[in-house]
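Hi,

Here is the structure I promised to pass on. Please look it over, then read the notes below.

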Amino acid sequence: MKAITKKVWILVMCLVFLLTGCGMPDAVADELKEVSRQTGFADGEESARRFVKAYEAGEKCMVKVKQSETMAGRLDALAAFLEKKLADGIVCAGDYNADTEELDTEEWDGEEYGIDQGNNISYLMTDLENLKNWRDDVSGSKVFSGTSSVLEARFYIEQGKMPGFLQGLEEIGFQGISLPPEEYQFNAYMVSQGVGFSIAYVPGYYHVSLSVSSDEFAYPEKYADLLENHMKNAFSTEKIMCGGDLDYIAFQSSTDQPGYNYSKDAELYFKEGKVLQMNLEIWPYSSERGGEFFTEQEKRDLCGLFAWVTGDERGAESFIEGLEECNDKEGTLGSRKWYRSKSKEEGRELIRIQ
């Protein structure tokens with residue numbers, strides 16, 4: 001299981017918001033400046049570092065943790081499914097040789113991944129054991145620490161067996177996963193039920209990597225309603241930080257998904273238990289590809305998120321449905337004000353709610 005340090009995430013977040021601007025009101029930047037002013041620091045990088053210290057001190061705060069029964073069922077089903085496919089010879093690990101276009105599963109050495117035994121079964125079984133035993137990572141914790149970890153599994157599947165594999169995933173609830181074109185040169189990253197699936201084609205095979213953050217199945221109890229009932233399927237929970245001057249939750253959509261051209265990141269900042277600000281950033285993978293902003297699953301999640309923040313369920317649905325055609329730069333949604341900025345050069349958009 002791969003750990004993500006809290007300090008790195010906080011510093012990156014703070015520096016981004018302090019050192020860049022988008023010409024619209026920014027409650028988070030204002031809050032950082034106030035923290036900086038109260039402690040005698042100038043604006044800029046130093047106040048970001050001061051904010052890091054505030055978060056680190058906040059790790060001692062008692063934030064009650066909750067385990068997701070929904071995600072528990074999903075991970076158990078996924079682990080059992082992959083174990084069966086391994087036993088049936090559908091999935092395997094190995095070294096892919098681009099020159100011979102063959103997968104070497106006989107002499108594969110797992111030393112690179114810290115596996116003592118040099119065989120593909122031990123490598124893949126280690127990933128599956130971690131996935132099966134995810135409770136070991138959170139079962140003894142009653143307090144949310146803010147330090148997340150990532151469960152991963154990596155394997156290859158022969159090209160002809162991939163459609164059946166995807167059908168099996170769909171049968172256990174992981175829908176919306178599609179294959180990238182054979183000529184595609186990048187990994188297609190798709191989120192389904194909070195689990196990320198990265199798929200790349202290599203001649204004769206597909207390389208699959210799946211990942212899920214521990215923030216998906218163990219999170220602060222006070223945010224359970226948001227995470228369980230509103231952001232459920234098409235976005236993965238990338239980071240949760242609690243205990244500092246602000247709380248922070250970040251979500252990530254699919255990236256370079258076949259048939260779609262836009263990636264989305266959503267961020268929420270909380271002060272004293274209330275939403276201070278929400279950001280939704282949208283950007284295209286390629287200026288040469290069109291397509292809609294959102295998949296149907298993403299629309300459902302974002303409608304739930306916007307309704308949760310603004311208190312206006314019907315208005316949130318209309319806002320998301322009409323976002324591509326709307327050219328307004330600001331407006332009101334429920335109890336909140338929203339702002340929008342666009343970068344014509346990069347095709348990026350930022351929607352902010354305060």
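Contact here means heavy atoms within 4.5 Å. Leaving aside neighbours within four places in sequence, Asp328 is in contact with Trp338 and Arg340. The model is predicted: local features need pLDDT of at least 70, side-chain atom pairs count only at pLDDT 80 or more, and totals for chains, interfaces and linings use all residues. Residues are numbered from 1 along each chain as its sequence is written, and side-chain values use heavy atoms, with hydrogens and water left out.

Back to Asp328. It sits in the loop between H9 and E15. Helices (H or I, at least four residues) and strands (E, at least two) are DSSP runs, numbered from the N terminus. Buried means under 20% relative accessible area, exposed over 50%, partly exposed in between (1.4 Å probe, protein chains only). At 47%, Asp328 counts as partly exposed.

Now helix H9, residues 313–321. Gly315, Ala316, Phe319 and Ile320 are buried there.

Last, Asp215. This residue lies in the loop between strand E9 (205–213) and strand E10 (218–220).

Best wishes
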